[in-house]
Amino acid sequence: QVQLVESGGGLVQAGGSLRLSCAASQRTFGTYGMGWFRQAPGKERDFVAAIRWSGDVTYYADSVKGRFTISRDYAKNTVYLQMNSLKPEDTAVYYCAATGKALDGSRWYERRLMYDYWGQGTQVTVSS
């Protein structure tokens, strides 16, 4: 299976920036899409952003649109989440995910069950 290793989390002041990285431990052959989710205490794991592995089509939650950018480096088997203008409400554990399923269905990128592989999660804390 595809193993995902995350890095880049930490503590940052409101208005600051962080870049999360998610590297596959092996080739991403058969991967069709990758995404980022986040989970705050007492809340569900919510969709943040996603990208088609081929085609460079991106999707964002309304709450992060204009502030976060998802990108991928095909050669490095790595997906990134650039987070700018961070707010305290962005505080959560961030998870990277990948899917080998066909990207069909309405809003497939928002569905947790669409993803076959998950990273360990990395804590992002934004202070006010």
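This is a predicted model: local features need pLDDT of at least 70, side-chain atom pairs count only at pLDDT 80 or more; totals for chains, interfaces and linings use all residues.
View 1. D90 is placed in the loop that runs between strand 8 (78-83) and strand 9 (92-99). With a relative accessibility of 0%, D90 counts as buried because the limit for that class is under 20%. Apart from its neighbours within four places in sequence, D90 is in contact with R38, R67, F68, S85, V124 and V126.

**View 2. The salt bridge between D90 and R38.** The closest N and O atoms of D90 and R38 are 2.9 Å apart. Since R38 belongs to strand 4 (residues 33-39) and D90 to the loop between strand 8 and strand 9, the pair ties together parts that are 52 residues apart in sequence. Both D90 and R38 are buried, and a network of salt bridges links R38, R67 and D90.

**View 3. The salt bridge between D116 and K101.** The side chains of D116 and K101 meet at 3.9 Å, N to O, and the two residues, 15 apart, both lie in the loop between strand 9 and strand 10 (117-118). D116 is partly exposed, its relative accessible area being 36%, and K101 is likewise partly exposed, at 32% relative accessibility.

**View 4. The salt bridge between R107 and E110.** Here the side chains of R107 and E110 meet at 3.1 Å, N to O, and E110 counts as partly exposed at 35% relative accessibility. The count of salt bridges comes to five.

**View 5. V5 in strand 1 (residues 4-7).** Not counting residues up to four places away in sequence, V5 touches S21, C22, A23 and Q120. V5 and A50, which are 45 residues apart in sequence, are 17 Å apart in space, C-alpha to C-alpha.

Notes. Residues are numbered from 1 along each chain as its sequence is written. Side-chain values use heavy atoms; hydrogens and water are left out. Helices (H or I, at least four residues) and strands (E, at least two) are DSSP runs, numbered from the N terminus. Contact means heavy atoms within 4.5 Å. Buried means under 20% relative accessible area, exposed over 50%, partly exposed in between (1.4 Å probe, protein chains only). A salt bridge is a side-chain nitrogen of Lys or Arg within 4 Å of a carboxyl oxygen of Asp or Glu.
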